Amino acid sequence: MLRKLFIETVGCQMNVLDSELVVGSLRRLGYQIVDDPRQADLILYNTCSVRQHAEDKIYSALGTLRRHKQRRPETIIGVIGCMAQKDQELIRRRAPHVDLICGPGQLARIPELLAEIERSGSPQIAVSLGRAEASRHEVEDSFESYDPLREPSMRPNTFQAYVRTQFGCDKFCTYCIVPSVRGPEQCRHPHQILAEVRQLADQGCKEVTLVGQTVNSYRFEYGDGRVSRLSDLLYLLHDVPGIHRIKFVTNFPRDMTDDLLDAVAGLPKVSRYLHVPAQSGCNEVLKRMKRLYTVEFYRDMLERCRERVLGVAISSDFIVGFCGETDASFQRTCDLVAEAGFKNSFIFKYSPRPGTKADELYPDDVPEDVKRRRNNDLLAIQNRVSLREHRSWIGRTVEVLVEGPSKKFDIQSEGEGLPQLTGRTDTDHIVVLDGPLSWTGRFLQVRVVDASAFTLFGEVCEADSDSVSPCVGETEGKVRSNRIPLPLV
Ligand code: SAH
Ligand code: SF4
Ligand code: F3S
């Protein structure tokens, strides 16, 4: 029976990947995606709890569906992902019209839970154990990483894919909810990851992005005591025919070891791009955040990255207005951003998360208007740095994987000259260029002619689209929603 599915995803790359896999399993049950929740038989929100704002968005979307559910009670409404794990009771109270609540460690059960809702008409809840509720082993078992076989038709495009290396996080930064909602860190077997990447390559995938909350903490111990780390995994995946680019996100500064940097430097397919969030430039704040490093360590690490991986681009995340952040501590963060030469930084206002150590131990004592001002000030500094960094590329030739039409491109204007395309370099710089849609999914040599703080503007080295080089493997030029979305949080 053909049924209609609406799904909205917020949160990090992990959630984007989970949604792809859930959609895959539902397609096999006969569901077809629709863009309007009111047309759907099944409405799913794949949620994020990292900041209050992400949760508010979901409650507001659920609120607008209350009437709809009264009019069409047969519609199934589901909340899946991190918020479902964190707040199953609260969701039931605030949105009693929700039928399905399913945490990120239980996604494999969705088809069975839907069948039960249809059979019994009663809501179904599936969440994993809390981290203090049982032994580590039992908690691990209750968070099952959902990694079914991949199918190309499930992805936004055929030539890029996320691949999970590990599930969960063990770092317990005091502000962060992720270790509670995603559970203990569990690394996948290297051969399982290799098999998935091979399968993706056979399906026409050219770029894989390895995803883990702290991907460079990856550590798999075989039965005989041998250990594989992220560097070993990169060597293993590098030989997969068809894969031309390998990225990995996100990195923890303390785990940026030399063997990893040497792998990045030595393996041509591995992207020279490192996302290594600093969070703050002040040692007292870093200590309260329990980040396990000092700003001096972080600066040395940056230097090591740049010495070992020539031409590497580095990006960061910062939290402003964390508990006890004074003007002087904020100034230290500004100094770090002014000097570190990040390609870009994601900057967030501290959002207290009930259940975290910071929320328990420290008052949220930086007023909202100060957080906002610090956010803007830090962004302004980063933008100046980004502009300088981006302008340094002008005149150089870069290899770009074309991802599809840029946001500015309007399908109506097709036929009135070449559309504007967007893609990324191996250093993760966004490049905008003019060219036919059929270049989507191709690697092109592009000369950078201009730059803004966020974008490089390029021209393809050869004007004739048929002779553009090097062009590895042709795609059928299929243009769907052909972009892996940026983190939405
Ligand atoms: N696993 C990744 C990112 C986790 S969440 C890592 O460790 O780097 C993405 C970003 O959200 C974090 O890097 C941090 O900057 C921000 N963040 C996490 N918790 C937050 C909170 N309570 N308030 C504001 N920002 C937060
Ligand atoms: Fe959260 Fe820290 Fe783990 Fe990142 S490393 S997910 S910020 S606890
Ligand atoms: Fe990701 Fe948000 Fe969950 S950042 S792990 S979706 S809390």
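1. Which strands does helix H16 lie across? Helix H16 (residues 368-391) lies across strand E20 (443-451) and strand E21 (455-460), and runs at about 125° to E20. Helices (H or I, at least four residues) and strands (E, at least two) are DSSP runs, numbered from the N terminus. Contact stands for heavy atoms within 4.5 Å. Axes are lines fitted to C-alpha atoms, for helices over the stretch in contact, with angles from 0 to 180 degrees between N-to-C directions.

2. Some ground rules. This is a predicted model, where local features need pLDDT of at least 70 and side-chain atom pairs count only at pLDDT 80 or more, while totals for chains, interfaces and linings use all residues. Residues are numbered from 1 along each chain as its sequence is written, chains are lettered from A and ligands numbered from 1 in the order in which they are written, and side-chain values use heavy atoms, with hydrogens and water left out.

3. On the barrel: five strands close up in the order E17-E18-E19-E21-E20, with mixed pairing (two strands pair if DSSP finds at least two bridges between them). The twist averages 55° from one strand to the next.

4. Then the open sheet: three strands in the order E7-E10-E13, with parallel pairing. Strand E7 (160-164) and E13 stand at the edges with a single partner strand each, so one side of each is left without a neighbour in the sheet. Here the twist averages 25° from one strand to the next. Strand E10 (residues 207-211) and E13 pair in the parallel sense over five bridges, and Val 208 stands opposite Ile 246 in E13. H9 packs on this sheet, touching E7 and E10, and its direction makes about 170° with that of E7. H10 touches E10 and E13, and its direction makes about 155° with that of E13.

5. Those two helices also meet each other. The axes of helix H9 (residues 190-202) and helix H10 (residues 230-238) come within 10 Å and cross at roughly 35°. From H9 the contact takes Pro 190, His 191, Ile 193, Leu 194 and Val 197, and from H10 Leu 233, Leu 236 and Leu 237. By class, that makes seven nonpolar, one polar and no charged residues. Ala, Val, Leu, Ile, Met, Phe, Trp, Tyr, Cys and Pro count as nonpolar, Asp, Glu, Lys and Arg as charged, and the others, Gly among them, as polar.

6. What about H11 and H13? The axes of helix H11 (residues 258-266) and helix H13 (residues 295-308) come within 9 Å and cross at roughly 35°. Asp 258, Leu 261, Asp 262 and Ala 265 of H11 meet Arg 304, Cys 305 and Arg 308 of H13. This contact has three nonpolar, no polar and four charged residues.

7. Finally, the ligands. A residue is near a molecule if one of its heavy atoms lies within 4 Å of it. Around ligand 2 there are Cys 169, Lys 171, Phe 172, Cys 173, Tyr 175, Cys 176, Val 178, Pro 179, Gln 213, Thr 214 and Arg 291: seven nonpolar, two polar and two charged. The shell of ligand 3, with Cys 12, Cys 48, Cys 82 and Gln 213 among its residues, divides into four nonpolar, four polar and one charged.
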